[in-house]
Amino acid sequence: MKLEIQSIDIQDLKPESKTYSKDRVLYVNSKELEEILLKDRRIKSVNIHFVYPGDRVRIVNLMDVVQPRCKIDKVEADFPGFIGKMQPAGSGRTRSLRGITVLVSNPGTNRKYSALLDMSGLVAEMSRYARMRHLCIVPTISEGTEERDFEDAVKIAGLKTAVYLARGAEGHPVDEVEIYELDIPSLNKKSNLPRVAYYYQLYSPQHDHIGISDPCFYGTDVRNLTPTIIHPNEVLDGGVVGAHTIRALDTYTIQNHGIIKELYHRHGKDLIFAGVVCGVANMEPVTRSRQAMMAANLVKNVLGADGVVLTKIHGGLPHVDLAMVAEECEKLGVKTAIFIQPLISYGTLADTLLFNAEAVNLIITVGATMERINIPLDAERFLGGTADTKIYCPDPIVQHAGDPVLDVEQFLIAGVHDHLGGAKIIVKEY
Amino acid sequence: MSGKKLKVIHYLNQFFGQIGGEDKADIGFMVKTGPIGPGLALQKALGDQADVIATVICGDNYFSKNPEQAGEEGLRLIEPYHPDLFFAGPAFAAGRYGIACGAICKAVGEKFGIPVVTGMYQENPGVDLYRKYAYICKTGNSARDTTESINHMIKLTFKLVSGEKGAHLVSRENLPKPEEYGYFSRIILRNEYTDKTAAERSVDKLLAKLLDKQFESEVVLPKFEKIPPPPPVKNLNTCEIVLVSDGGLVPRGNPDRLSGRGNLRWTTYEIDTFLPESFKSTDYEIAHTGYFPVQILEDPNRLVPADVMRDLIKEGKVGKLHPSFFSTSGNATVSRRCAEMGDEMGAEIKKRGVEAVILTST
Amino acid sequence: MVQITAVPNVAQMVGVNRILRGQSITCVVGNSVLTKEQEKALRRKYVLRALEILQTDVNTPTIFTLEVLG
């Protein structure tokens, strides 16, 4: 499978009566975009905002951040299963705009862990998104639409907006072309290089909002997914999107998947990228041990890997589940490097482990995403909510977006942490 | 730093305070004006940034009889000075002295919120007991290094009061790196910026592991203590069993305020009134944000199997169901507190003469 | 003490000696797809097994399952 990503560096984003791009400026006809989004009858209305670095604005109720991308050589092929026709993602040519994103906010959300982003103040120093320009879409629910159904509609609206913006840059000179090519069936078995696979924990159903899983894989949910081999390009090119709460794993992060890009970068140089197995965390111990065994078996006996890197999503059960997969891999002789996310900020690093298998001895701290931080209010206005929007904090604190100081766990701030390994953060004992 | 000179209090034991040796170890607290003994090196290192205005001295035996109490007593003597900085020792390898330094640093630090700095050798028992409450610099095991150790303590202190932002931390706190400033980590964790992404680090280290080369895991696996297994229950039909759960099941309103995450409490409920044979789902809450609670709320017996236990007692298969149900919530609570709660509950259960426990967890 | 948990490896790791693997994280001694009678019968099985384990000698952290396998 061969994927070509053509990247354009956009330096400004402006409203205009027509959508087009010139000299690194993307001009956007938001009225036209609005009409496209309103075709989805679940959406009653949508506000579209242009957001710039330094703006004294706080965006709340964030459910996703998406990089503008579209297929160049295929039609109806963007985010297959979500918007585009069902087909494998990850081949052909894709346009990608750098320097801008789509911020997707659901102002009526009941989800506790909705993210926030400030474009000025302390958050602007911490978040990679604060340096970019954004089109922020804020849809409202139409009468008679169910809450969960609307959330899916909002998600899709974000993806459609990302495609719309990328299309708007048609004809603009390209800054960088990256080729992602991995022909797994014919990977050179005679090579001396170690074969490294990637185990991708996609989801855990333990936090499903009102008991319904979020669609994150070709437009469907994966709560019962058996370990599955996928091609890494499917991840990079729209087959996988973030869940309906960000928690350090938004669609933008997946589109720029840290581990997949790193393994591609080193493929043929000091390793062979043997492929990707994906799975989900399991609620039932019987299923969990079967899935762990199956995942390890795919890694070892189907992909033929010598080593595997394993990443997780936010949470404690995902940690336990991932460790079981790692343990099974080690039992089959596959060496592992496992990501953990310390859940608390006091104790030693060893205290944060929920497993203790001697062979699982290479542990990477991707970030203590629940570390608390005080954010003084610098914003003068709010998007996606108001000053009264509740911002999550563990009991007993109750706080609102307009409070002079917010006490938040870092994973609630979009663009600080990255469960897929793309951030230069490590957890240390102090 | 402001032009104002910082006020410093220094704590010493009877020996370094030049009162006497082991023969004077029982002596109680006293306060002397200005620096004494190693305090002179302390004053020199502080230069004109700060004044060692007083030295508090106490005998090691007197202090170690009851360190918490002695810490409070020392604190009362120190309070009137309203210090900006507090130093103790360094204690090197001396155990009683190390505990005294740690305890008095803890008391002063908690009261005033000022930097409290001391120095100890790694095997000093004061290190593990007090590292969370003070900055304990790593020293050698001999007092020959006093001046060097004091300079080391001052270097750390100047960093602490510098008012700089910690650009190396996501939180931007001014927390000096333990390796850089040579102190025992204070058992907290912080997100630190580093030069390589987690993806780069993981692949680098995995390759080293694959090539049988040295690699450094970012976390080292802990050693859990072995708990000797209690002997089996001999006679079930005379046995009293208590039900315990960490799934966070509480009455509606959560009157005992169990926390859904990072919970630190446990409580008991009379099981017959709490979970009667005919119950209403709306009478319960789950104080636990780590799992989706709908099924348990529909029927709490799915977490606390009281219905089955009652049947088994009627049938004579079990002697007795203990009238109290022990409830707590185990979700992202630091393991030390979990162990403490377990000890507390265990002690209470033993006190009540109950023989066996069924613990149900989510 | 016997601990019934759907994450038995963690219990084993911290040194719990008698562990019974539970049904699922959200439903430790139950199963919402069963009828009320079937579910109570399942729960009874779990409790009887737990009581059996309380009467069993162990000398190291051991994970027991509902059915005796093999």
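This is a predicted model: local features need pLDDT of at least 70, side-chain atom pairs count only at pLDDT 80 or more; totals for chains, interfaces and linings use all residues.
Reader: Which domains does chain A have?
Author: Chain A is assigned domain 1 (2-177 + 375-407) and domain 2 (184-365). Such bounds come from an automatic or database domain assignment.

Reader: How far apart do the centres of domain 1 and domain 2 of chain A lie?
Author: Their C-alpha centres lie 27 Å apart. Domain 1 of chain A brings 37 residues to the contact and domain 2 of chain A brings 29 residues, where contact means heavy atoms within 4.5 Å.

Reader: What area is buried between domain 1 of chain A and domain 2 of chain A?
Author: About 2800 Å² is buried between domain 1 of chain A and domain 2 of chain A, and carbon and sulfur atoms give 57% of that area. Buried area is the accessible area (1.4 Å probe) that two parts lose on being put together, summed over both. On the side of domain 1 of chain A, the residues that lose the most area to domain 2 of chain A are A:Phe82, A:Arg111 and A:Arg148, together 24% of what that side buries.

Reader: How many salt bridges are there between domain 1 of chain A and domain 2 of chain A?
Author: The count between domain 1 of chain A and domain 2 of chain A is 3 salt bridges, each being a side-chain nitrogen of Lys or Arg within 4 Å of a carboxyl oxygen of Asp or Glu.

Reader: And how many residue pairs are in polar contact there?
Author: Between domain 1 of chain A and domain 2 of chain A, 20 residue pairs are in polar contact (both at pLDDT 80 or more). A polar contact is a pair of N or O atoms within 3.5 Å; within protein, one must be able to donate a hydrogen and the other to accept it, and residues adjacent in sequence count only if both atoms are side-chain atoms.

Reader: Turning to chain B and chain A, how many residues does each bring to the contact?
Author: Chain B gives 57 residues and chain A gives 76 residues. Together, chain B and chain A bury about 5500 Å², with 60% of it on carbon and sulfur atoms.

Reader: How many salt bridges link chain B and chain A?
Author: There are 5 salt bridges between chain B and chain A. A:Glu409 and B:Arg261 meet through their side chains in a salt bridge (2.4 Å, N to O). The interface of chain B and chain A also has 33 residue pairs in polar contact (both at pLDDT 80 or more).

Reader: Which element gives the largest share of the side of chain B that touches chain A?
Author: H8(B) gives the largest share of the side of chain B that touches chain A, 12 residues. Helices (H or I, at least four residues) and strands (E, at least two) are DSSP runs, numbered from the N terminus. The residues of that side of chain B divide into 26 nonpolar, 13 polar and 18 charged. Here Ala, Val, Leu, Ile, Met, Phe, Trp, Tyr, Cys and Pro count as nonpolar, Asp, Glu, Lys and Arg as charged, and the others, Gly among them, as polar.

Reader: Do strand S24 of chain A and S7(B) run parallel or antiparallel?
Author: Strand S24 (residues 425-429) of chain A and S7(B) run antiparallel and are joined by 5 bridges. Two strands pair if DSSP finds at least two bridges between them. A:Glu429 stands opposite B:Leu189 in S7(B).

Reader: What about chain B on its own: which domains does the assignment give?
Author: Chain B is assigned domain 1 (6-184) and domain 2 (236-360), and the C-alpha centres of these two domains of chain B lie 45 Å apart.

Reader: Lastly, how many residues do chain A and chain C each give to their contact?
Author: Chain A gives 12 residues and chain C gives 12 residues. The area buried between chain A and chain C is about 920 Å², 69% of it from carbon and sulfur atoms. Between chain A and chain C there are 0 salt bridges, and 2 residue pairs are in polar contact (both at pLDDT 80 or more).

Note on methods. Residues are numbered from 1 along each chain as its sequence is written. Chains are lettered from A and ligands numbered from 1 in the order in which they are written. Side-chain values use heavy atoms; hydrogens and water are left out.
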